[in-house]
Amino acid sequence: MMKINVTRWWKDLDVAGKLPFARDRGVELFFWILGVYYEPQYFSAIRILTKLISLISINDDLYDASNATIEELVLYHDAIQRWDVSAPDQLPDYIKHFYQKILDTYNMIEDEMAKQGRSYRVEYAKSALKDMVRVYLIEAKWYHQGYVPTMEEYMPVGKLSAGLRSLATASLVGMGEVATKEAFDWVISDPLIVEASGVIGRLMDDVVSHAVGKMRAFDQLVDYMKLYYQALLDVYNMIDDEMAKEGKSYATDHAKTAVSFKVRV
């Protein structure tokens, strides 16, 4: 029943017809989320997170793979930041369709959470999406201006556009009593595990994107490659240090060995 619900919602997005620039990832992302939680008591969480990660994926494609002009992307960004129900009238048709689906999806989730007295959770998810769209626009402007940022400029933006914080926040929305308001406040405070996940996710994504020729905005990535891998090693070491303080041990040796090899290469 849950898969039917999500499949119907995905089909209603009409990705092939109205969002042809977007990857058709409905089934793929559903199985991704089953890797986050598969237990029956998280039925609602699985359904909600599948929808939200799907919207994030299409957002990514809107900025990276569509023919949207920078002016259109600015209009879309401003609409998301205001969460404006009247904004679709100002947007091009294909973005208007997607924007309305975002509003509808978050409204449905908010109605569901309101019945549980937990509608505040959706505000955290909205805020996380706004943060992602904000940094997507920064990256889009860099690309359109032909500007290659320094590592110091790029990483604060890149670790947010990787989406890990947004997904971590969204993953809590449907988790019932397990996720308290304190849990949401904790995840948006960028604790070490969230920040490290964002850095690792961004660096590894950039390396793969560059390798397959998809990294349009940063053609000079090769110049930064060793810095990237060194930053990745620094993150692993930072995690080890924090875990040591807690008297715990994490198996990062294998990962660090792999990254060290890349640095030498």
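This is a predicted model: local features need pLDDT of at least 70, side-chain atom pairs count only at pLDDT 80 or more; totals for chains, interfaces and linings use all residues.

H4 runs over residues 43-64. From its first C-alpha to its last, H4 reaches 32 Å, close to the 32 Å expected at 1.5 Å a residue.

Two packed helices are described by the angle between their axes and the distance between the axes. Here are those values for both pairs.

| Pair | Angle between axes | Distance between axes |
|---|---|---|
| H4 and H5 (residues 70-82) | about 150° | 11 Å |
| H4 and H9 (residues 164-172) | roughly 155° | within 9 Å |

The axes of H4 and H9 cross at roughly 155°, which makes H4 roughly antiparallel to H9. The crossing of H4 with H9 is right-handed.

Now zoom in on the residues that touch. On the H5 side, Asn59, Leu62 and Tyr63 of H4 meet Leu73, Tyr76 and His77 of H5. This contact is made up of four nonpolar residues, two polar ones and no charged ones. On the H9 side, Leu49, Leu52, Ile53 and Ile56 of H4 meet Ser166, Leu167, Ala170 and Ser171 of H9. Here the count is six nonpolar, two polar and no charged.

**A glycine in another helix**

Next, find Gly198, which lies in helix H11 (residues 192-211). Is Gly198 buried or exposed? Its relative accessible area is 3%, and anything under 20% counts as buried, so Gly198 is buried. Leaving aside residues up to four places away in sequence, Gly198 touches Lys159, Ala162 and Leu164. Sequence distance and spatial distance can be set side by side here: Gly198 and Ser161 are 37 residues apart along the chain, while their C-alpha atoms are 8.5 Å apart.

**The whole chain**

Finally, step back. How many helices and strands does the chain have? There are 13 helices and zero strands. Of the 265 residues of the chain, 48% count as buried. Among contacts between residues at least 6 apart in sequence, 64% join residues at least 24 apart.

Note on methods
Residues are numbered from 1 along each chain as its sequence is written. Side-chain values use heavy atoms; hydrogens and water are left out. Axes are lines fitted to C-alpha atoms, for helices over the stretch in contact, and angles run from 0 to 180 degrees between N-to-C directions. Helices (H or I, at least four residues) and strands (E, at least two) are DSSP runs, numbered from the N terminus. Contact means heavy atoms within 4.5 Å. Ala, Val, Leu, Ile, Met, Phe, Trp, Tyr, Cys and Pro count as nonpolar, Asp, Glu, Lys and Arg as charged, and the others, Gly among them, as polar. Angles under 35 degrees count as roughly parallel, over 145 as roughly antiparallel, 65 to 115 as roughly perpendicular and the rest as oblique. A crossing is left-handed if the near helix is turned anticlockwise from the far one by less than a right angle, and right-handed if clockwise. The expected span of a helix is 1.5 Å times one less than its number of residues. Buried means under 20% relative accessible area, exposed over 50%, partly exposed in between (1.4 Å probe, protein chains only).
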